[in-house]
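Please work through each task before reading its solution.

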Amino acid sequence: MLPTTSQHSNGALGSRDAARHTAGAKRWKYLRRLFHFRQMDFEFALWQMLYLFTSPQRVYRNFHYRKQTKDQWARDDPAFLVLLSIWLCVSTIGFGLVLDMGVLETLKLLLWVVFVDCIGVGLLISTIMWVISNKYLLKHPRREFDVEWGYAFDVHLNAFYPLLVILHFLQLFFINHMIVINSAWFLGYFVGNTLWLIAIGYYLYITFLGYNALPFLKNTVVLLYPFAPLALIYILSISLGWNFTQGLCGFYKYRVQ
């Protein structure tokens, strides 16, 4: 049986239950668990990371289950965030080694990638999507049916993980041998730009699945519209010989100067 909450005669949650389900209480519980590794389910988080590549719909079905059992859509276990941070650190160190950066330069790059690219940009994107979904995509705008900011952040993390693996890990094996050294060679920028296409495509699709999984949202198909300009930019980049990975490497080197 699913857990129930006590209610007053007017149908409102009791004061203790209401306090337990506030956004602030959920956020505090989440942050507190960051310092208790034994309470984190890393095995389940690894399972989610695997299925984000092979069957992301299964990951969001688990979010449905969490809503039924714990009355929240967002994760209450920071294990996924911890593993993502480890992946980010390892892959960024790999980038520093491939680009022949020193220890200090690699450390600067790591700080930039973690606090700006991942956290800063993630907070910005999550907030924008949270506002858009609650303002334009709700079927019936009511307080009890709205998108949690924590869930919007989880959707971003889900979508960011495949992008991270493709651009920050798999791409490392091609950078020096094909993409950057042979940047003017067709095969070089074709491989590099195709990896970018796949990575951003994963991000858009998993983002769409995240919001499409919420039964109180409408018109979520609009989140797939960016695929059109993405395909156009990809065709133009191949036609004009643009090399996105070479630009990324140059940008990373500029950051740590």
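A patch is made of residues with over 30% relative accessible area and no salt bridge, where like charges are joined within 9 Å and nonpolar side chains (Val, Leu, Ile, Met, Phe, Trp, Tyr) within 5 Å. A salt bridge is a side-chain nitrogen of Lys or Arg within 4 Å of a carboxyl oxygen of Asp or Glu. This is a predicted model, in which local features need pLDDT of at least 70 and side-chain atom pairs count only at pLDDT 80 or more, while totals for chains, interfaces and linings use all residues. Residues are numbered from 1 along each chain as its sequence is written, and side-chain values use heavy atoms, with hydrogens and water left out.

**Exercise 1.** Determine which helix gives the largest share of the nonpolar patch.

*Solution.* Step 1: the patch includes Leu104, Trp112, Leu123 and Trp149, and its residues together have about 1,000 Å² of accessible area (Shrake-Rupley method, 1.4 Å probe, only the protein chains shown counting as cover for residues). Step 2: helix α6 (residues 103–136) supplies 11 residues, the largest share; helices are DSSP runs of H or I with at least four residues, numbered from the N terminus.

**Exercise 2.** Classify Leu123 and Met49 as buried, partly exposed or exposed.

*Solution.* Step 1: buried means under 20% relative accessible area, exposed over 50%, and partly exposed in between (1.4 Å probe, protein chains only). Step 2: Leu123, found in helix α6, is partly exposed because its relative accessibility is 35%. Step 3: Met49, in helix α3 (residues 42–54), has a relative accessible area of 2% and is therefore buried.

Key:
Helix = DSSP H or I, 4+ residues; strand = E, 2+ residues; numbered from the N terminus.
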